[in-house]
Amino acid sequence: MTNGRWTDGNTIELLENGEMFYPRVLADIERAREQVLIETFIWYDDDIGYQLHRAVIDAAKRGVHVDITVDGFGSGKLPASFVQALTDAGVNLHVYDPRGSVLGFQTNLFRRLHRKFTLIDCAVGYIGGINFSMEHVREHGPKSKQDYAVRVTGPVVDEMHGFCRKQVGAINTPERRPWLRRLRWYRPNPLKPARDAQAALVWRDNADHDQSIEQWYYQGISEAKREIIIANAYFFPGYRFLRALRLAAERGVRVCLILQGEPDKFYVRHAAATLHDYLLNANIEIHEYMDRPLHAKVAIIDDDWATVGSSNLDPFSLALNLEANLFIRDQAFTTLLRDRLVALMDTACRRVRREQVPRQRGWRQIVRVLVFHILRRFPAWAQLIPGHIKPIQPSGQDRLVPHSDKRPT
């Protein structure tokens with residue numbers, strides 16, 4: 001199948017945070033009649049995790065074919081009873097790079113399955129950055145995450161469905177019935193969904209498409225005429241990406257970055273801060289989201305270009321992880337997402353000013369350049385570790401280690 005093929009006539013709804021995402025996806029799973037395909041980095045045995053657990057078991061028991069693929073690092077600590085209940089109900093659970101721990105530490109640190117897909121009956125699709133855990137709802141507390149996903153119907157769902165089927169080898173997957181395409185279950189979204197949008201599914205892997213998502217960003221940035229807003233949890237791109245942003249700013253484009261101000265990982269803010277001097281010198285706005293950890297991977301450019309997906313702009317997502325983004329050309333959707341991002345900047349962000357950041361000169365500049373290149377080159381070094389391309393394997397109880405409170409994010 002073609003990576004990044006534009007399709008017309010899609011309906012795309014923006015879903016902000018778990019409060020909007022989980023009710024929609026669970027309701028669609030409850031309506032499933034033939035097939036549910038899910039890929040996720042994190043699936044926890046918490047309240048949200050058990051809601052999905054019950055929904056897919058119920059679906060399997062009424063004859064729906066269910067395939068779920070999880071990452072061996074992000075979801076590697078599910079209890080044996082949790083997994084057994086799935087397999088007993090007939091749910092096909094697959095694990096990307098399953099490994100045990102050494103001295104209590106997980107060893108599958110690199111090349112993660114970071115995509116987030118849910119496909120129901122080849123009629124409805126979800127893609128974005130939201131995992132299946134309580135971390136994505138406010139009820140979780142001050143460490144809950146700010147994030148986005150989209151619910152889509154239309155031809156791009158065929159692309160998403162074909163891609164996900166290919167990942168699990170289309171094991172026992174029924175062929176789609178001709179009449180199924182006409183079943184478009186839809187409930188109004190308070191954010192007013194855009195209609196008839198162009199959309200393209202773009203993924204990166206560690207084989208033939210290792211730079212696909214970056215290339216789509218480059219193209220959008222190079223064509224920008226008025227405005228670029230990027231909200232990204234882990235922002236540490238390469239020099240080429242930074243240069244593209246600088247050139248856009250130089251030709252009069254307003255460039256705004258929404259980054260983490262209250263990060264969920266201690267090193268995130270420090271790594272991003274090494275870029276502040278360069279970015280501010282290029283007249284690029286930096287807004288730090290202070291309300292809670294930012295987990296977003298979204299962007300808008302001008303009036304009709306947007307992307308929502310799983311890919312951060314850091315060395316892991318751009319050089320190691322398996323990622324997928326939906327790129328969208330639609331004025332109504334782009335306006336809607338822009339409004340939500342501007343609201344974040346206006347109400348929950350602190351803008352970083354030029355006078356707050358020391359200018360990097362002399363030895364400070366040398367240290368910054370060295371740190372930047374060491375961090376950026378790390379994924380290339382990690383690729384030297386054997387087993388660069390990992391298989392997706394069927395799960396058994398032996399493939400998921402016992403539950404632990406220490407979890408990845």
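Okay, helix 1 and helix 2 to start with. Helix 1 covers residues 17-31 and helix 2 covers residues 47-61, and their axes come within 9 Å and cross at roughly 15 degrees. The axes here are lines fitted to C-alpha atoms, for helices over the stretch in contact, and the angles run from 0 to 180 degrees between N-to-C directions. Helices are DSSP runs of H or I with at least four residues, strands are runs of E with at least two, and both are numbered from the N terminus.

Before I go on: this is a predicted model, so local features need pLDDT of at least 70, side-chain atom pairs count only at pLDDT 80 or more, and totals for chains, interfaces and linings use all residues. Residues are numbered from 1 along each chain as its sequence is written, and side-chain values use heavy atoms, with hydrogens and water left out.

Back to the pair. Helix 1 and helix 2 are therefore roughly parallel; that label goes to angles under 35 degrees, with over 145 being roughly antiparallel, 65 to 115 roughly perpendicular and the rest oblique. Helix 1 passes helix 2 in a left-handed crossing, meaning the near helix is turned anticlockwise from the far one by less than a right angle, while clockwise would be right-handed.

Who touches whom? From helix 1 we have Tyr-22, Leu-26 and Ile-29, and they meet Ile-48, Gln-51, Leu-52, Ala-55, Val-56 and Ala-59 in helix 2. Contact means heavy atoms within 4.5 Å. The residues of that contact split into eight nonpolar, one polar and no charged. Nonpolar is Ala, Val, Leu, Ile, Met, Phe, Trp, Tyr, Cys and Pro; charged is Asp, Glu, Lys and Arg; the others, Gly among them, are polar.

Next, helix 5, residues 212-223, and helix 6, residues 239-250: here too the axes come within 9 Å and cross at roughly 15 degrees. That makes helix 5 roughly parallel to helix 6, and the crossing is left-handed. Helix 5 brings Gln-215, Tyr-217, Tyr-218 and Ile-221, and helix 6 brings Arg-240, Phe-241, Ala-244, Leu-245 and Ala-248. The count for this contact is seven nonpolar, one polar and one charged.

Now a few residues. Met-134 sits in the loop between strand 8 (124-128) and strand 9 (148-153). Is Met-134 buried or exposed? At 11% relative accessibility, Met-134 counts as buried; the cut-offs are under 20% relative accessible area for buried, over 50% for exposed and partly exposed in between, with a 1.4 Å probe and protein chains only. Leaving aside neighbours within four places in sequence, Met-134 contacts Asp-46, Asp-47, Ile-48, Glu-139 and His-140. You'll remember Ile-48 from the contact of helix 1 with helix 2.

His-114 is in the loop between strand 6 (105-106) and strand 7 (117-120), and His-114 is buried too, at 7%. With neighbours within four places left out again, the contacts of His-114 include Phe-41, Lys-297, Asn-312 and Glu-323.

Cys-122 isn't a glycine, yet has a positive phi of about 55 degrees. Cys-122 lies in the loop between strand 7 and strand 8, and is buried at 5% relative accessibility. Asp-302 also has a positive phi of about 55 degrees without being a glycine; look for Asp-302 in the loop between strand 14 (297-301) and strand 15 (305-309), buried at 14%.
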